[in-house]
Amino acid sequence: MSTRPPLSPEDRDVLAAELALGLLDGDDHAEAAALAGRDPEFRAAVAGWTARLAPMLDEVHETAPPDRVWSRIEARIAPPPSNVVQLRRRVNLWRGYSLAATAIAASLALVLVTRPSPPPPPAAPQTLVAMMQSEGGPARLVATYDPQTRRLIVQAAAGMAPAPGHAHELWLIPAAGGKPHPMGIVSATAPNKMDVPMPMASDVREGAAFAVSVEPPSGSPTGLPTGPVIAQGKLTRA
Amino acid sequence: MLILAPRHVPLPYGLPPLFPSSLTRCMLRAMDAPRGSEEGRRLAAALAAVAGGDRDAMALLYRRTSAKLYGICLRLLGSEAEAEEVLQETYVTVWRKAAAFDAARASPVTWLAVLARNKAIDRLRARRAPAEDLDAALDVADEGPLAPELIEKAQDRHRLFGCLAELEEKSAAAIRAAFLDGLSYPDLATREGVPLPTMKSWIRRGLIRLRGCLER
């Protein structure tokens with residue numbers, strides 16, 4: 001965009017100082033800021049000038065801000081608690097659906113039983129739910145598992161994002177005890193949908209548990225949890 | 001009955017800023033830093049904990065630094081309402097970006113002070129810009145070219161003040177007014193009643209001499 005000749009090293013450094021000082025306005029500022037955006041060397045020069053000049057800020061008179069500022073900041077950094085409540089509601093909804101489905105199945109069975117010939121249908125396997133929480137805390141992740149489709153859905157509450165450079169890994173702890181099976185990294189944002197493979201599916205049943213541990217970004221290097229367990233919960237019928 | 005790793009096993013990698021036990025580790029790490037006062041170390045530890053989502057550390061950081069940062073915003077903006085808003089934005093940014101702070105490279109107070117100043121300067125620029133330029137100005141601010149990647153050794157205040165004292169008085173006064181009061185070239189030219197090119201040459205000459213002095 002700029003048709004100007006390239007700046008000499010000295011002019012570039014002066015430009016970096018002008019940007020650091022906030023002297024530039026309008027197009028001059030936009031151009032210099034864009035240069036800083038694409039040129040790391042220039043950006044470093046701006047940072048260098050900012051650092052050189054920063055001690056001047058020591059002279060500024062301190063003034064206590066009104067209390068309302070902290071209240072507003074606190075409100076903005078608070079975790080949205082409504083999300084866990086929403087998760088609970090959703091689980092209750094699932095429970096409701098499942099109860100309704102059971103009731104309908106039962107009434108159908110009754111109709112069928114009163115009729116003479118056809119054999120009774122096999123009882124539909126029930127959806128299982130695990131509310132994973134830290135000790136005594138609110139639910140942090142919810143897993144629902146449909147034994148018929150072997151579809152597992154894991155949803156994290158808000159504020160469950162792993163720290164930078166880490167991931168959350170899901171583990172299945174069989175009802176009979178023994179080693180946890182790794183079930184993969186769980187995203188904190190999107191619902192995690194996975195199909196449980198056949199041999200493991202028989203372990204996903206009432207009494208087994210799910211747990212989530214903190215692991216390196218690519219998951220546990222050992223196949224067993226290496227970091228702290230942040231949430232766990234048993235599978236129960238929905 | 002769950003056979004899982006105990007809750008506080010040492011992690012074989014990086015810094016896990018999720019748990020209280022990590023706070024101690026952050027503090028130890030910050031104390032290893034060769035520079036900085038006791039208060040600086042305490043604030044660096046608080047910043048590291050804030051990066052891990054620790055709200056108590058955030059409250060401590062605010063208690064210890066907000067008067068300084070509010071003073072900076074107030075001086076630059078001259079309006080309590082705007083200074084309060086910018087102060088709020090600054091700390092919300094600190095909450096989100098605390099992980100970008102590097103105790104080995106900058107003092108926490110300087111990092112925070114520069115962050116507040118940059119936000120206040122952005123606000124001043126947005127105030128000056130005609131409405132249609134406002135979005136562009138804010139976009140540029142978001143790119144963060146002024147991100148305070150501060151290098152501690154450059155912050156020798158005695159040297160800075162010594163070098164400012166060596167400049168012509170009008171150059172030094174203009175540089176200080178730009179940095180501390182947020183005055184741009186046109187503002188400064190109007191205030192001093194000189195043509196814009198004159199003001200530019202005063203300041204540029206001053207900056208070149210200042211750099212020469214600081215590098216000595």
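Student: At what angle do H2(B) and helix H3 (residues 55-77) of chain B pack, and how far apart are their axes?
Tutor: H2(B) and H3(B) pack at an angle of about 140°, with their axes 8 Å apart. Axes here are lines fitted to C-alpha atoms, for helices over the stretch in contact, and angles run from 0 to 180 degrees between N-to-C directions.

Student: Why is H2(B) called oblique to H3(B)?
Tutor: Angles under 35 degrees count as roughly parallel, over 145 as roughly antiparallel, 65 to 115 as roughly perpendicular and the rest as oblique. The angle of about 140° therefore makes H2(B) oblique to H3(B). The crossing of this pair is left-handed, a term for a near helix turned anticlockwise from the far one by less than a right angle, with right-handed standing for clockwise.

Student: Which residues make the contact of H2(B) with H3(B)?
Tutor: From H2(B) come B:Leu43, B:Ala46, B:Leu47, B:Ala49 and B:Val50, and from H3(B) come B:Ala57, B:Met58, B:Leu60, B:Leu61, B:Arg64 and B:Thr65. Two residues are in contact if their C-beta atoms, placed from the backbone, lie within 7 Å. The residues of this contact divide into nine nonpolar, one polar and one charged; Ala, Val, Leu, Ile, Met, Phe, Trp, Tyr, Cys and Pro count as nonpolar, Asp, Glu, Lys and Arg as charged, and the others, Gly among them, as polar.

Student: What kind of model is this, and how are its parts labelled?
Tutor: The model is predicted: local features need pLDDT of at least 70, side-chain atom pairs count only at pLDDT 80 or more, and totals for chains, interfaces and linings use all residues. Residues are numbered from 1 along each chain as its sequence is written, while chains are lettered from A and ligands numbered from 1 in the order in which they are written.

Student: What makes H3(B) roughly parallel to helix H5 (residues 108-128) of chain B?
Tutor: Their packing angle is about 25°, with the axes 9 Å apart, and that angle makes H3(B) roughly parallel to H5(B). The crossing of H3(B) and H5(B) is right-handed. Among the residues of the contact are B:Leu69, B:Ile72 and B:Cys73 of H3(B) and B:Leu112, B:Ala116 and B:Ile121 of H5(B).

Student: How many helices and strands does chain B have?
Tutor: Chain B has ten helices and zero strands; helices (H or I, at least four residues) and strands (E, at least two) are DSSP runs, numbered from the N terminus.

Student: How do you know that the span of H2(B) agrees with its number of residues?
Tutor: The expected span of a helix is 1.5 Å times one less than its number of residues. For the 14 residues of H2(B) (residues 38-51) this should be 20 Å, and the end C-alpha atoms are 20 Å apart, which agrees. Just after H2(B), B:Gly53 takes a positive phi of about 85°.

Student: Why is B:Trp95 called partly exposed?
Tutor: A residue is buried if 20 or more other C-beta atoms lie within 10 Å of its own, exposed if 12 or fewer, and partly exposed in between; C-beta atoms are placed from the backbone. B:Trp95 has 18 such atoms within 10 Å, so B:Trp95 is partly exposed. Its place is in helix H4 (residues 80-97) of chain B. B:Trp95 and B:Val50 are 45 residues apart in sequence and 6.3 Å apart in space, C-alpha to C-alpha.

Student: What makes A:Arg150 partly exposed?
Tutor: A:Arg150 has 15 C-beta neighbours inside 10 Å and therefore counts as partly exposed. A:Arg150 lies in the loop between strand E2 (139-146) and strand E3 (151-156) of chain A, and has a positive phi of about 60° although it is not a glycine.
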